[in-house]
Amino acid sequence: MNQLPADAPPMFHLLAKPSGSTCNIDCTYCFFLSKEALYPNEKSRMSLDTLEVYIKQLLESHRTPEVTVAWQGGEPSLMRLEFFKRSVEIVEKYRRSNQNVQHTFQTNGLLLDDDWCRFFKKHNFLIGLSVDGPREIHDKYRLDRRGHGTFDKVMKGWKFLLKHKVDFNILCTVNAANQYRGRDVYRFFRDELKTNWIQFIPIVERATEDTLEIANKGWSEQPGEKRLLYTQTGSLVTERTVGGRQYGQFLIDVFEEWVRKDVGEVFVQMFDVTLEAYFGRHLLCIHAPSCGYGPALEHNGDLYSCDHFVEPKFKLGNIHETHMLDLIASPQQRKFGMDKYDTLTAQCKRCEVKQLCNGGCPKDRFALSRDGEEGQNYLCEGLELFYKHTQPAMRTMAQLLNQNLAPSDIVKLYASDDAKRKPEDLCTCGSGKIFSVCHGDDLRISK
Ligand code: SF4
Ligand code: SF4
């Protein structure tokens, strides 16, 4: 590249989709499947030529020593292993001596075997494994093309990761099937899957009056029906969508378990991100004041503003024609990022937890605010609930950090408070249940 745009960001987090949106399973809530309609006459597979252009530009664009090469989909393992071997070689070809490259790979786990996991281990890939909870929850929406649950096959993949000691974390969607089961889901990941890093993503599928019925059936090809292309439009939601309040309650349910036992041992992305926000640092675009540094790259080199906005209106260009950094520094992308801040509702602007939440992701801003203003986050009630509920504990952990103490010291503070509770006291999570059958169910409490 001849010249970097003067005001280009020093780094960004690009998600590359080497097999486009194609997947070997058919999760009912996955609207990414419908994006195949954007490239109707193509077999969505990234060519080696595009791979080389992508990696070269990515490395040229970063002025920070850390660079992430992030693969996701669709299902990236639909590309052959040879493709990723080649990607590692290309990284070595173009990497500057001061650049450290982290490879990440988001997968449903079905195709993982010894060969894949040996490769991941050898090159320190960090794997994100998609699991929605124990079998009865996971198999509700994560189905194969014949409509069968995929839990057993995912667990087979998980065993290969464990066998080869590959670093992995769990990506779990929060949806209508698990929204009341936060603690069960969390315990399953911690105790059964032995993970110490978990990311929760709310399922919010928008629809209009015209599309709701077909959207409720799922986003893959429906026999005899016109396929919908999912776009971020409509103020209705599908029946799989998590409730706004329930999303917050789910996070609180997990938090109340985590804060008693696992601080410093298990990392839950939303909790890390929230604690960092108390120091004015925003690790995740969703709760940062502005965004625009998480573009998505399609198999053919088309670059979009964000993985959630892979739709014609948000296409920035193609990296074969324009360098990706020029696209990321373009006025169109800057506006996309600043709109997040510029379109905050009056309710958000005066909100007590605005510094932590920043109105959430624009894709979810399709509800009415308390003032009747359009553009409020659909998840607002739950976000507010979560941020307010966790405020005392987060403040304590922030104080501990300020004193150069470990935030995990909070576990002892909770234990000493819990020791004074009676079994019939109301649980601290706000569920309305008594403590001994809720978050105190496996603690020693006074009789
Ligand atoms: S639109 Fe949402 S997911 Fe995309 S970059 Fe902005 S905050 Fe992040
Ligand atoms: S909690 Fe609700 S009102 Fe407050 S900043 Fe977040 S979305 Fe806006």
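Reader: Before we start, what counts as a helix?
Author: A DSSP run of H or I with at least four residues, numbered from the N terminus. The model here is predicted.

Reader: OK. Which helix gives the most to the shell around ligand 2?
Author: α14, with three residues. Helices α12 (346-349), α13 (354-357) and α14 (380-402) each supply at least two.

Reader: Which residues surround ligand 2?
Author: Gln347, Cys348, Cys351, Val353, Lys354, Cys357, Gly359, Gly360, Asn377, Cys380, Leu383 and Glu384.

Reader: How does that shell divide by class?
Author: Six nonpolar, four polar and two charged.

Reader: And ligand 1, what surrounds it?
Author: Cys285, Ile286, Cys291, Gly294, Cys306, His308, Lys340, Cys361, Pro362 and Lys363. By class, the shell around ligand 1 has six nonpolar, two polar and two charged residues.

Reader: Switching to the sheet. How many strands, and in what order?
Author: There are 10 strands in an open sheet. The order is β9-β6-β5-β4-β3-β2-β1-β10-β11-β12, and the pairing is mixed.

Reader: Why is one side of β9 and β12 left without a neighbour?
Author: β9 (267-268) and β12 (315-318) stand at the edges, and each has a single partner strand, so one side of each has no neighbour in the sheet.

Reader: How does β9 join β6, parallel or antiparallel?
Author: Parallel, through two bridges. Ile198 has Val268 of β9 as its bridge partner.

Reader: Which residues are on the covered face of β6?
Author: Ile198, Phe200 and Pro202. The uncovered face has Trp197, Gln199 and Ile201. Side chains in a regular strand alternate between the two faces of the sheet.

Reader: What about β5 and β6, how many bridges?
Author: Five, in the parallel sense. One bridge partner in β6 is Gln199, which pairs with Leu171. The chain goes from β5 through α6 to β6, and this β-α-β crossover is right-handed.

Reader: Which residues of α6 are buried?
Author: Helix α6 spans residues 182-192, and its buried residues are Gly182, Arg183, Val185, Tyr186, Phe188, Phe189 and Arg190.

Reader: What covers them?
Author: The cover for the buried residues of α6 includes α4 (135-141), β5 (167-174), β6 (197-202) and α8 (244-261).

Reader: And what follows α6?
Author: Lys194, with a positive phi near 55°.

Reader: Next, the core. How many residues are in the largest nonpolar core?
Author: It has 95. The residues with the most contacts inside it are Ile127, Leu129, Leu161 and Leu251.

Reader: Take Leu129. What does it touch?
Author: Setting aside residues up to four places away in sequence, Leu129 touches Thr107, Gly109, Trp158, Leu161, Phe168, Ile170 and Leu171.

Reader: Now Lys35. Where is it?
Author: In the loop between β1 and α1 (48-61).

Reader: Does Lys35 count as buried or exposed, and why?
Author: Buried, because Lys35 has 24 C-beta neighbours inside 10 Å. The cut-off for buried is 20 or more.

Reader: Which residues is Lys35 in contact with?
Author: Ser21 and Val310, leaving aside neighbours within four places in sequence.

Reader: And how many residues apart are Lys35 and Trp219 along the chain?
Author: They are 184 residues apart, yet their C-alpha atoms are separated by 9.2 Å.

Notes: Residues numbered from 1 in each chain as written. Chains lettered and ligands numbered in written order. Predicted model: local features only at pLDDT ≥ 70, side-chain atom pairs only at ≥ 80, totals over all residues. Near = placed C-beta within 6 Å. Nonpolar A, V, L, I, M, F, W, Y, C, P; charged D, E, K, R; others polar. Buried ≥ 20, exposed ≤ 12 C-beta atoms within 10 Å, placed from the backbone. Contact = placed C-beta atoms within 7 Å. Core = buried A, V, L, I, M, F, W, Y, C linked by C-beta atoms within 7 Å. Pairing = 2+ DSSP bridges. Right-handed = clockwise from strand over helix to strand, strands pointing away.
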